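Subject: Structure handover

Hi,

My notes on it follow below.

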Amino acid sequence: MHLAEIAAFLIASTALTPLYGKFADIHGRRAAMLIGLAVYMVGSLLCAASPNMLTLIGGRVVQGCGAGGLVVTANMVLGDIAAPKERGRYYTYFSLAFMTAGGSGPALGGWIAEHLHWQMIFLWNFPLCAVAIAIALTVLCRLPRRERAHRLDIMGAVLVIAASSSFMLALNLGGIRYPWLSLPIVGLLACALVLGAGFVVRLRNAIEPLIPIAILSDPAAGLAIAAHSFGWGAIIALNIFLPIYLQSALGWSPTSAGLSLVILMLTLNSTAGLSSQLLGRVRRYKLLPLCFLLVGVGAVVALALSAGTMTSLNLEIILLLIGIGFGPTAPLTQVALQNTVSAHDLGAALGTMNFVRTLVATIMIAAFGAIVLAKVPLGAPRGTLTQSFLGGASLTAFSIVFLAIAGVLAISFLALLLLEEKPLADAQAL
């Protein structure tokens with residue numbers, strides 16, 4: 001695993017997600033889905049054929065450009081066929097799909113890398129994408145069309161890619177290859193600041209900006225996006241750093257480390273699917289997610305405090321509580337956002353939610369990676385997360401990272417607490 005590879009994938013998917021949302025509003029969900037699948041397959045082929053790390057990173061960029069449209073388009077399809085009051089029960093099918101992928105993905109990936117060849121991880125995408133393309137060509141043609149004129153903010157996407165890339169590079173290289181106050185790191189941070197300011201100016205002045213200001217200015221939409229993004233950002237960070245911690249601190253194999261995440265994803269998606277059945281059936285639909293999310297925050301704090309004395313049993317109990325804790329928040333935030341925006345703006349709203357979520361996760365991975373790699377010996381292969389040098393990563397660093405993840409999850413709890421509990425609209429109200 002390579003931090004630059006992860007960051008490249010996330011940055012590409014982050015910037016293009018809002019563009020896919022607006023493209024789908026203009027040309028339909030099926031066209032956006034097919035383009036995303038085609039680009040994703042090309043990226044997978046480039047990754048599988050990569051002779052070196054630089055080419056692999058380039059392939060991951062292309063793959064991220066395709067992945068940016070897959071999740072947002074799938075959620076838009078669900079928004080087209082189900083009103084907010086009815087969406088909860090459909091979310092169960094999403095949960096089953098994510099539970100299967102999240103539960104088997106880490107373990108299967110670790111087994112393939114350990115016993116077969118890492119290229120098979122990317123080649124496996126082709127039969128899955130072929131099935132998805134067949135579904136898109138046949139089933140999605142029956143979706144309703146809500147066409148409306150939109151402008152694609154290419155300049156905004158370029159600015160956010162450049163600003164994010166500069167910031168990620170500074171966090172990945174600072175303290176490892178260059179001192180934090182060295183000219184290259186200060187220069188990268190300055191570029192990120194200037195480009196980020198340019199992106200903000202673009203958002204305020206563009207005719208139709210990459211992130212719609214009208215959506216972000218709505219308190220309910222903003223809080224739903226914040227709760228969703230910070231919550232998922234914390235879960236994504238755990239999925240990245242838990243296997244690193246298990247391999248370096250506990251000496252587990254890649255397969256065992258991947259298997260350890262199965263219980264987290266199984267419980268998360270199970271509780272998401274079960275709790276989604278209550279949405280639209282109860283008046284106080286925030287109460288259960290709030291109580292469970294508080295449990296999740298406490299479980300991540302327990303993970304941080306016991307990082308130096310962790311046992312396999314304690315780890316599985318903690319992961320069980322984290323999954324149960326965050327699961328109900330996932331469907332609630334998406335339903336709350338759909339309940340706030342109009343059908344014409346659904347693509348832009350969901351694109352913004354996925355954009356912010358991935359951006360938060362990208363920044364967290366880069367920042368926490370800098371903390372973990374701070375104690376790595378200078379002669380180690382920089383940026384590469386392998387068993388050969390992670391012994392230099394201290395348990396203190398992992399404790400700090402896990403505490404920070406708990407703090408991010410607490411922000412999600414606060415946003416959910418402040419979110420207005422509006423009555424969910426039914427099909428007649430749309």
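Contact here means heavy atoms within 4.5 Å. The model is predicted.

Start with phenylalanine 199. This residue sits in helix 8 (residues 183-205). Phenylalanine 199 is buried: its relative accessible area is 9%, and the cut-off for buried is under 20%. Neighbours within four places in sequence aside, phenylalanine 199 touches Gly156, Leu159, Val160, Leu210, Ile211 and Phe355.

Next, helix 2. It covers residues 29-48, 20 residues in total. At 1.5 Å a residue, helix 2 should span 28 Å, and its end C-alpha atoms are 29 Å apart, so the two values agree. Its buried residues are Arg29, Ala32, Met33, Gly36, Leu37, Tyr40, Met41, Gly43, Ser44, Cys47 and Ala48. Seen down the helix axis, they fall within an arc of 165°, so they line one face of helix 2.

Then the pairing with helix 6 (residues 125-138). The axes of helix 2 and helix 6 come within 10 Å and cross at roughly 165°. Angles over 145 degrees count as roughly antiparallel, and the two helices are therefore roughly antiparallel to each other. The crossing is left-handed.

Which residues meet between helix 2 and helix 6? From helix 2: Arg30, Met33, Leu34, Leu37, Tyr40, Met41, Ser44 and Leu45. From helix 6: Asn125, Phe126, Cys129, Ala132, Ile133, Ala136 and Leu137.

Best wishes

How values were computed
Residues numbered from 1 in each chain as written. Predicted model: local features only at pLDDT ≥ 70, side-chain atom pairs only at ≥ 80, totals over all residues. Heavy atoms only, no water. Helix = DSSP H or I, 4+ residues; strand = E, 2+ residues; numbered from the N terminus. Expected span 1.5 Å × (residues − 1). Buried < 20%, exposed > 50% of the residue type's maximum accessible area, 1.4 Å probe, protein only. Arc of directions from axis to C-beta. Axes fitted to C-alpha atoms, helices over the stretch in contact; angles between N-to-C directions. Parallel < 35°, antiparallel > 145°, perpendicular 65-115°, else oblique. Left-handed = near helix turned anticlockwise from the far one by under 90°.
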